[in-house]
Amino acid sequence: MVLYVLMLLSLLFSHLSVAKTIHSERSLYRNILVEETGNLRCLKFDEKSSQSSQSCMYIYEPKKLVFNYTKLVFSSLLLIEDPKKVLIIGLGGGTLSNTISELYPKAIIENIEIDPAVIKVARDYFNFKESTKVTAKVQDGRIFIKRAALKKQQFDWIILDAFNGDYIPEHLLTKEFFEELKSVLASDGVIAANTFSSSKLYEHESATYNAVFGDFINVSRKNYSNRIILAGNKSTLTQAHINKRVSELTPLLLPYGVNIKAISQMLHFTKNNHDWPENTKVLTDQYSPANLLNF
């Protein structure tokens, strides 16, 4: 009898853990799926890949962030305070936009997403919130940056999140693009790029960031495939300043599940500590075999 009950419970829990597809469509660019597993709702771009979740939310705890890389993005706030103009390239489910808007309700946040279907799914399934200050625009990220540069726009915080787990568009990884990006970054602003922590691309990407921005900061956890690159900000980051910001940010970020104290201990400064060969080739518009290098 006990064995029978245990078998029933096992079957029940295995059933509960199976993902249920609540939306699927083929957009101009990709397969889009929204799946639910218990309290977890996720946006996926490729039904064949187990690593393809772009954005996830806890249905009953929508404020709490799911992904570690999303939490690491908030390491940016150790460098900047009270960002007034924020640019996010790559919307996903809109998690970053929603969180930043709640933290800084006066900030103007522009979300750039190439796929209109993704924006609609973010609105319909992930509570993506828009307002007079928070907007979403259908456009290629690089085209937006080129036009922003012509308009002499400046952003305090630029987040590059056009990353689907195993691919970043090649034209968003070149020296020329980073130079365009630098031209729209405020003098004390910061770029936070979600990218790879391992693969042959790592060295080329690091060399390219260094060629444009000089020394930068890697934010990563051991044995995780993602890293956040913090670049552009020229402020001298002392331990005293980090401690001060940790103290200020801890109560603000706690409701989102972000342990900023732990994250502050994951900063790896490249100054005098380049972990790529000096002769590493920089990625350019003419030389950008990003997909071939990503393995």
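Residues are numbered from 1 along each chain as its sequence is written, and side-chain values use heavy atoms, with hydrogens and water left out. In this predicted model, local features need pLDDT of at least 70 and side-chain atom pairs count only at pLDDT 80 or more, whereas totals for chains, interfaces and linings use all residues.

Helices (H or I, at least four residues) and strands (E, at least two) are DSSP runs, numbered from the N terminus, and two strands pair if DSSP finds at least two bridges between them. Four strands form an open sheet in the order E1-E2-E3-E4, with antiparallel pairing. Strand E1 (20-26) and strand E4 (53-58) are the edges of this sheet; each has a single partner strand, so one side of each lacks a neighbour in the sheet.

E9 and strand E11 (residues 226-231) run antiparallel and are joined by six bridges; Asn194 stands opposite Ile228 in E11.

Two packed helices are described by the angle between their axes and the distance between the axes. Axes are lines fitted to C-alpha atoms, for helices over the stretch in contact, and angles run from 0 to 180 degrees between N-to-C directions. The axes of helix H5 (residues 141-150) and helix H6 (residues 175-183) cross at roughly 45 degrees and come within 9 Å. H5 is therefore oblique to H6 (angles under 35 degrees count as roughly parallel, over 145 as roughly antiparallel, 65 to 115 as roughly perpendicular and the rest as oblique). The crossing of H5 and H6 is left-handed, a term that applies if the near helix is turned anticlockwise from the far one by less than a right angle, with clockwise giving a right-handed crossing. H6 also packs with H7, at an angle of about 40 degrees and with the axes 9 Å apart. This pair, H6 and H7, is therefore oblique as well, and the crossing of H6 and H7 is right-handed.

Rolling a probe the size of a water molecule over the atoms shows where empty space is left. On a 1 Å grid over the protein atoms alone, a cavity is a set of points where a 1.4 Å probe fits but cannot get out, and a pocket is an open set with protein on both sides within 12 Å along at least five of seven lines; lining residues have an atom within 4 Å of a point. Grid points are joined across faces, edges and corners, and a volume is the space filled by probe spheres set on the points. For the linings, Ala, Val, Leu, Ile, Met, Phe, Trp, Tyr, Cys and Pro count as nonpolar, Asp, Glu, Lys and Arg as charged, and the others, Gly among them, as polar.

Two cavities of 30 Å³ or more are found in a search of the whole structure. The largest cavity holds about 120 Å³ of space. It is lined by 18 residues, with Ser55, Tyr69, Thr95, Leu96 and Asp161 closest to its centre. At least two lining residues come from each of E4, helix H2 (68-73) and helix H3 (95-103). The lining of the largest cavity comprises seven nonpolar, ten polar and one charged residues.

The volume of the second largest cavity is about 100 Å³. Its lining has 14 residues, and Leu160, Ala162, Ile168, Leu172 and Asn194 lie nearest its centre. Strand E9 (185-196) and helix H7 (201-213) each supply at least two residues of this lining, with E9 giving the most, three residues. Ten nonpolar, two polar and two charged residues make up the lining of the second largest cavity.
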